[in-house]
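I opened my notebook to look up a few things in this structure. My plan is to go through it piece by piece and write down what I find.

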Amino acid sequence: MDMITEMVLERPVVIYSKSLCCMSHTVKTLLCDFGANPAVYELDEVSRGREIEQALLRLGCSPAVPAVFIGGELVGGANEVMSLHLNGSLIPMLKRAGALWV
């Protein structure tokens, strides 16, 4: 878990994903379209991906991907990100984290 903590503090927005996961793709596209420029870790392509996936599950991410962290805090998966977007909370959250400057 210390590895995840270090990784999510490196950038305002971090997404743990798998390259062929359609929900991960949707979340990445949404955040990139806003201009958030997230750090994306494709767990099926990075070393220690299985270890990271197990740590995400222990944190309560179910399923493990996509797992979105904004401002170092776990937001959740696709459902949570979409809910934040639909209720108007996502963009202000991204701005507070320093991911958006507009």
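**Entry 1: salt bridges**

I looked up Glu 53 and found a salt bridge to Lys 18, with the closest N and O atoms 3.2 Å apart. A salt bridge here is a side-chain nitrogen of Lys or Arg within 4 Å of a carboxyl oxygen of Asp or Glu. Glu 53 sits in helix H3 (residues 49–59), and Lys 18 sits in the loop between strand E1 (13–17) and H2, so the pair ties together parts that are 35 residues apart in sequence. Helices (H or I, at least four residues) and strands (E, at least two) are DSSP runs, numbered from the N terminus.

Before going on, I noted how the values were made. This is a predicted model, in which local features need pLDDT of at least 70, side-chain atom pairs count only at pLDDT 80 or more, and totals for chains, interfaces and linings use all residues. Residues are numbered from 1 along each chain as its sequence is written, and side-chain values use heavy atoms, with hydrogens and water left out.

Is Glu 53 buried or exposed? I found that Glu 53 is buried, with a relative accessible area of 14%. Buried means under 20% relative accessible area, exposed means over 50%, and partly exposed is in between (1.4 Å probe, protein chains only). Lys 18 counts as partly exposed, at 26% relative accessibility.

How many salt bridges does a search of the whole structure find? The search finds three. Another one joins Glu 42 to Lys 28, with the closest N and O atoms 2.6 Å apart. This pair links distant parts of the chain: Glu 42 is in strand E2 (residues 39–42) and Lys 28 is in helix H2, 14 residues apart. Both Glu 42 and Lys 28 are buried.

I also noted the salt bridge of Glu 51 with Arg 48. Their closest N and O atoms are 2.8 Å apart. Glu 51 counts as partly exposed, at 40% relative accessibility. Arg 48 counts as partly exposed too, at 49%.

**Entry 2: the sheet**

Next I looked up the strands. Four of them form an open sheet in the order E2-E1-E3-E4, with mixed pairing. Two strands pair if DSSP finds at least two bridges between them. The edge strands are E2 and strand E4 (73–76), and each pairs on one side only. From one strand to the next, the twist averages 25°. Such angles run from 0 to 180 degrees between N-to-C directions, and axes are lines fitted to C-alpha atoms, for helices over the stretch in contact.

I reminded myself that strands of a sheet pair through backbone hydrogen bonds, either parallel or antiparallel. E1 and E2 run parallel and are joined by four bridges. Val 14 stands opposite Ala 39 in E2. E1 and strand E3 (residues 67–70) run antiparallel, and four bridges join them. Which residue in E3 is the bridge partner of Val 14? The partner is Phe 69. For Ile 15, the bridge partner in E3 is Val 68.

I then checked how covered E1 is. Five of its five residues are buried. Val 13, Ile 15 and Ser 17 lie on one side, Val 14 and Tyr 16 on the other, and both faces are covered.

**Entry 3: helix H2**

H2 lies across E1, E2 and E3, and runs at about 160° to E1. I picked Ser 24, which lies in helix H2 (residues 22–34). Ser 24 is buried, with a relative accessible area of 0%. Leaving aside neighbours within four places in sequence, Ser 24 is in contact (heavy atoms within 4.5 Å) with Ser 17, Lys 18, Val 65 and Pro 66.

Which residues of H2 meet H4? They are Met 23, Thr 26, Val 27, Leu 30 and Phe 34, and they meet Ala 78, Val 81, Met 82 and His 85 in H4. By class, this contact of H2 with H4 has seven nonpolar, two polar and no charged residues. Ala, Val, Leu, Ile, Met, Phe, Trp, Tyr, Cys and Pro count as nonpolar, Asp, Glu, Lys and Arg as charged, and the others, Gly among them, as polar. H2 and helix H4 (residues 78–86) pack at an angle of about 35°, with their axes 10 Å apart.

**Entry 4: Lys 95**

Last, I looked up Lys 95 in helix H5 (residues 90–96). Lys 95 is partly exposed, with a relative accessible area of 40%. Lys 95 and Pro 66 are 29 residues apart in sequence and 21 Å apart in space, C-alpha to C-alpha.
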